[in-house]
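Biologist: Hi! Could you walk me through this one while I look at it?

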Amino acid sequence: MRPNRFDLLVLLFFFALLALVARIGHEAAAPLPPGGEIPISLDPRHLPEYALRSTFRMFAALGLSLLFTFTYAPLAAKTRLEPVLIALLDVLQSVPILGFLAFTVTFFVGLFPGRVLGFELASVFAVFTSQAWNMAFSLYQSLKTVPRDLDEAARLFGLSPWRRFWRLEVPFALPGLVWNTMMSVSGGWFFVVASEAISVGRTEVDLPGIGSYVAKAIQEENLPAVLYALLTMLLVILLYDQLLFRPLVAWSERFKYEERPSEEARSWVLDLFRRTRLLRRASAWLAEALWEAAVRLEPLFRLEPLFRFPPLRAGRGLDYALYGGMALVLLAGGHAFYLLVLKPLGLKEVVRVLFLGLFTLARVLVLLLLAGLVWVPVGIALGLRPSLAGRLQALAQFLAAFPANLLYPFFAYLMARYALSPEVFTAPLMILGTQWYLLFNALAGGMALPGDLREAAANLGLRGLLLWRKLLLPGAFPYLVTGFITASGGTWNASIVAEVVSWGGLTFKATGLGAYIAEWTGKGSPAHVLLGILVMSLYVVALNRILWRPLYAWAAERFRLG
């Protein structure tokens with residue numbers, strides 16, 4: 001088969017991308033300069049290179065996040081380890097990103113001493129921790145809410161759990177996962193400032209990237225440089241939206257669960273690929289070959305028992321081993337907690353920190369309620385109009401990617417100017433960067449509503465509040481719960497930087513757990529910081545167990561399509 005001109009265009013783009021990746025890989029593997037100082041220039045001419053480096057870290061972390069998602073979510077949704085794995089995921093998403101950096105930087109730098117690569121891997125891992133949990137929750141939620149009629153049909157056709165996973169469950173999950181992946185990438189930009197400035201002991205390394213550029217611009221109070229960085233970030237978001245996410249959204253629409261196709265999302269990149277001749281045939285051949293290989297290798301890896309609920313009798317020994325291992329881990333953890341925290345700080349300090357957590361808990365719940373009242377109806381309404389959502393897609397990604405911490409000094413100035421109480425007016429800062437989880441999940445929920453159901457509701461005369469109460473909110477409910485869970489974890493994390501804000505020589509501090517962690521991080525007390533992180537994780541897990549998980553189970557049972 002002879003290639004056409006569209007094949008040549010796509011191949012040129014592919015090889016250009018490959019050359020850029022090779023160049024970045026070469027720079028990332030270079031030796032560390034003497035003194036460990038990598039100069040960051042505020043000259044706008046360097047911004048394209050910095051943008052390329054930051055984007056590369058983003059997408060390297062995204063690859064790891066996808067690998068984690070497709071490993072962790074099926075194990076959590078389909079095995080008896082579900083309570084343990086979901087509780088662990090709750091804890092992981094509640095640990096602040098700075099907490100991950102503190103423990104992982106030394107490890108990665110030690111793997112590649114004297115080279116930039118160790119710091120690059122630490123940065124990529126930090127961005128990974130800001131992306132992976134949301135994506136894993138999305139796939140888990142979809143696996144738990146596969147329509148019953150589709151599941152029964154797949155079983156009647158004799159599909160094994162492995163084939164059912166790839167032929168039914170993953171395609172069903174794709175629309176929601178694509179939107180959550182977009183949100184995760186945008187959320188990664190929020191943390192890029194923290195992840196590109198890395199300290200190990202007395203050595204501080206600023207990796208070339210937009211985050212370190214913004215950090216230096218803020219440090220030098222260079223407002224034009226901040227604006228250059230924001231414009232560059234907008235351009236980067238527009239580019240990867242057009243080249244990657246818009247084609248993915250358009251492609252994933254084909255897997256939407258409905259009897260009659262609705263309005264089709266369009267992408268010029270996807271249209272270009274569909275016009276190719278050789279590449280389209282080659283990709284179809286590759287997909288078929290990969291599927292055949294997966295089917296042939298299935299018995300070798302014995303994946304089927306992994307995805308099947310084993311009989312209780314057969315798993316008795318495994319049960320004892322599992323619970324015994326968990327008991328040992330808990331005992332070791334309790335002993336470490338006593339030595340590192342309880343013994344040096346005392347029980348009174350633990351009670352005080354638990355009390356501080358109540359203030360942050362109240363702020364988190366009120367903010368989630370207010371954000372839900374705004375973004376749930378907006379997101380669902382946009383999801384019902386894919387063409388409008390497509391036009392606003394890049395804007396929503398930019399707003400989600402906008403580093404909300406750039407606004408903190410402005411809020412501090414207002415509090416100083418008008419004598420506003422930090423107990424109230426620092427609270428909105430906690431939700432600025434995380435409210436987008438609600439919007440994107442509500443949007444995915446709106447898009448997942450079958451067109452035939454909406455048409456049936458219209459024929460039955462459902463309008464206004466009755467339509468929202470009977471169809472739109474119940475239909476999108478599983479996605480909304482995912483949005484509230486991920487937004488809740490992000491809001492707790494944001495409290496660490498939002499409950500203490502500064503303007504010039506003035507510092508405003510609200511009463512709360514985030515301010516406690518920020519204060520003792522600045523003073524360099526690992527015991528206090530560890531206590532704060534543990535209490536924050538405890539609150540997040542308790543909130544998920546008491547509120548979000550029952551809602552999750554209720555949504556999976558009551559509002560499951562089909």
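Biologist: Great. What should I know about the model and the numbering?

Modeller: This is a predicted model, so local features need pLDDT of at least 70 and side-chain atom pairs count only at pLDDT 80 or more, while totals for chains, interfaces and linings use all residues. Residues are numbered from 1 along each chain as its sequence is written, and side-chain values use heavy atoms, with hydrogens and water left out.

Biologist: How many helices and strands are in the chain?

Modeller: The chain has 22 helices and four strands. Helices (H or I, at least four residues) and strands (E, at least two) are DSSP runs, numbered from the N terminus.

Biologist: And what share of the residues counts as buried?

Modeller: Of the 562 residues, 50% count as buried. Buried means under 20% relative accessible area, exposed over 50%, and partly exposed in between (1.4 Å probe, protein chains only).

Biologist: What share of the contacts comes from residues 24 or more positions apart?

Modeller: Those account for 80% of the contacts in the chain with a separation of 6 or more. Contact here means heavy atoms within 4.5 Å.

Biologist: Switching to charges: how many salt bridges does a search of the whole structure find?

Modeller: The search finds eleven. A salt bridge is a side-chain nitrogen of Lys or Arg within 4 Å of a carboxyl oxygen of Asp or Glu.

Biologist: Which residue does K78 pair with?

Modeller: K78 forms its salt bridge with E169, and the closest N and O atoms are 2.7 Å apart. K78 lies in helix α2 (residues 47–78) and E169 in helix α7 (residues 161–195), so the pair ties together parts that are 91 residues apart in sequence.

Biologist: Are K78 and E169 buried or exposed?

Modeller: Both K78 and E169 are buried.

Biologist: What about D43, which residue is its partner?

Modeller: D43 bridges to R45, with 2.8 Å between the closest N and O atoms. D43 is partly exposed at a relative accessible area of 24%, and R45 is exposed at 70%.

Biologist: How far is it from N to O in the salt bridge of E519 and K509?

Modeller: That one is 3.3 Å, N to O. The pair links distant parts of the chain, with E519 in helix α21 (residues 513–523) and K509 in strand β4 (residues 506–509), ten residues apart. E519 is partly exposed, with a relative accessible area of 27%, and K509 is partly exposed too, at 45%.

Biologist: On to rings. How many aromatic pairs does the structure hold?

Modeller: It holds 16. Rings of Phe, Tyr and Trp (its six-membered ring) pair if their centres lie within 6.5 Å; planes under 30 degrees apart count as stacked, over 60 as edge-to-face and the rest as tilted.

Biologist: Can you show me a couple?

Modeller: F125 and F128 form a tilted pair, 5.5 Å centre to centre with 35° between the planes. Both lie in helix α5 (residues 116–144), three residues apart, about one turn of the helix. F125 is partly exposed at 23% relative accessible area, whereas F128 is buried at 9%. W375 and W436 are also a tilted pair, at 5.2 Å and 45°. W375 sits in helix α13 (residues 347–383) and W436 in helix α18 (residues 435–448), 61 residues apart. W375 counts as buried at 18% relative accessibility, as does W436 at 8%.

Biologist: Which residues do ring pairs link into a cluster?

Modeller: F68, Y72, F108, F125, F128 and W133.

Biologist: Last topic: at what angle do the axes of α1 and α2 cross?

Modeller: The axes of helix α1 (residues 5–28) and α2 cross at roughly 90° and come within 11 Å. That makes α1 roughly perpendicular to α2, a label for angles of 65 to 115 degrees (under 35 is roughly parallel, over 145 roughly antiparallel, the rest oblique). Axes are lines fitted to C-alpha atoms, for helices over the stretch in contact, and angles run from 0 to 180 degrees between N-to-C directions.

Biologist: Which residues make the contact?

Modeller: L20, V21, R23, I24 and E27 of α1 meet E49, L52, R53 and F56 of α2.
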